[in-house]
Amino acid sequence: MTVTERAAYIKGLAEGLGIDDSTKEGKIINALIGALDDMALTVADLEAQLDELSAQVDTIDEDLGSLEEDFYGLDHEDGCHCGCHDEDDEDEEEYLDEDIYEVCCPTCGDIVCIDSAMLDEGETTCPNCGELLEFDLEDEADSEEADNDKGDK
């Protein structure tokens with residue numbers, strides 16, 4: 001039995017009791033039944049919207065899966081990159097050999113995936129907000145070298 005059906009059942013029971021609207025108790029009971037009926041209709045609307053949203057998310061997920069297959073060359077259900085499904089797929093082997101790094105954009109907080117070539121260039125643009133992200137690996141290497149020098153003393 002759905003929420004709206006249960007609310008209608010309770011409303012029918014109350015009407016069958018012949019509750020008098022002129023008494024304080026009757027007014028309260030009828031107000032509660034009216035509120036219950038409104039809540040049941042709201043819940044039913046929310047359930048319908050949730051079903052519609054769920055269908056839209058499923059469609060987006062399927063579209064994203066297709067884009068991932070096209071962009072990353074993932075044509076296997078398990079997402080396996082080992083090359084066991086297609087022996088002569090050299091692009092897939094190159095993709096596996098390439099290091100991928102995740103960088104958090106300080107402006108929007110989005111995670112941006114970059115490869116070695118982008119890292120060597122020293123900068124890229126955040127695809128979410130357009131912010132220029134710069135990478136200075138020399139400062140990182142100097143910092144690690146200074147840490148190592150402290151540990152040697």
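1. Basis. This is a predicted model, in which local features need pLDDT of at least 70 and side-chain atom pairs count only at pLDDT 80 or more, while totals for chains, interfaces and linings use all residues. Residues are numbered from 1 along each chain as its sequence is written, and side-chain values use heavy atoms, with hydrogens and water left out.

2. Fold. The protein chain has five helices and four strands. Their order along the sequence is α-α-α-β-β-α-β-β-α. Helices (H or I, at least four residues) and strands (E, at least two) are DSSP runs, numbered from the N terminus.

3. The protein chain has 153 residues, and 14% of them count as buried. Buried means under 20% relative accessible area, exposed means over 50%, and partly exposed lies in between (1.4 Å probe, protein chains only). Take the contacts with a separation of 6 or more: 17% of them join residues 24 or more positions apart. A contact here means heavy atoms within 4.5 Å.

4. Total surface. The accessible surface of the protein chain is about 12,200 Å². Carbon and sulfur atoms hold 50% of that surface. Areas come from the Shrake-Rupley method with a 1.4 Å probe; for residues, only the protein chains shown count as cover.

5. Nonpolar patch. Met 1, Tyr 9, Ile 10, Leu 13, Leu 36 and Met 39 make up a nonpolar surface patch with about 640 Å² of accessible area together. Helix H1 (3-17) and H2 are the elements that give two or more residues to this patch. H1 gives the most, with three residues. Tyr 9 sits in helix H1. Patch residues have over 30% relative accessible area and no salt bridge; like charges are joined within 9 Å, and nonpolar side chains (Val, Leu, Ile, Met, Phe, Trp, Tyr) within 5 Å.

6. Negative patch. Asp 58, Asp 61, Glu 62, Asp 63, Glu 68, Glu 69 and Asp 70 form a surface patch of negative charge. Lys and Arg count as positive and Asp and Glu as negative; His and the chain ends are not counted. Each charge is placed at NZ of Lys, CZ of Arg, CG of Asp or CD of Glu. Asp 58 belongs to helix H2 (residues 24-72). Asp 58 is partly exposed, at 44% relative accessibility.

7. Salt bridge. The structure holds one salt bridge, defined as a side-chain nitrogen of Lys or Arg within 4 Å of a carboxyl oxygen of Asp or Glu. The side chains of Lys 11 and Asp 37 form it, at 3.9 Å, N to O. Lys 11 lies in helix H1 and Asp 37 in helix H2, so the pair ties together parts 26 residues apart in sequence. Lys 11 is partly exposed at 35%. Asp 37 is also partly exposed, at 22%.

8. Thr 124. This residue lies in strand E3 (residues 123-125). Thr 124 is buried, with a relative accessible area of 16%. Beyond its neighbours within four places in sequence, Thr 124 is in contact with Ile 114, Met 118, Glu 131, Leu 132, Leu 133 and Phe 135.

9. Thr 107. This residue is in the loop between strand E1 (100-104) and strand E2 (111-115). Not counting residues up to four places away in sequence, Thr 107 touches Cys 129 and Glu 131. Thr 107 and Cys 129 are 22 residues apart in sequence, and their C-alpha atoms are 7.6 Å apart in space.
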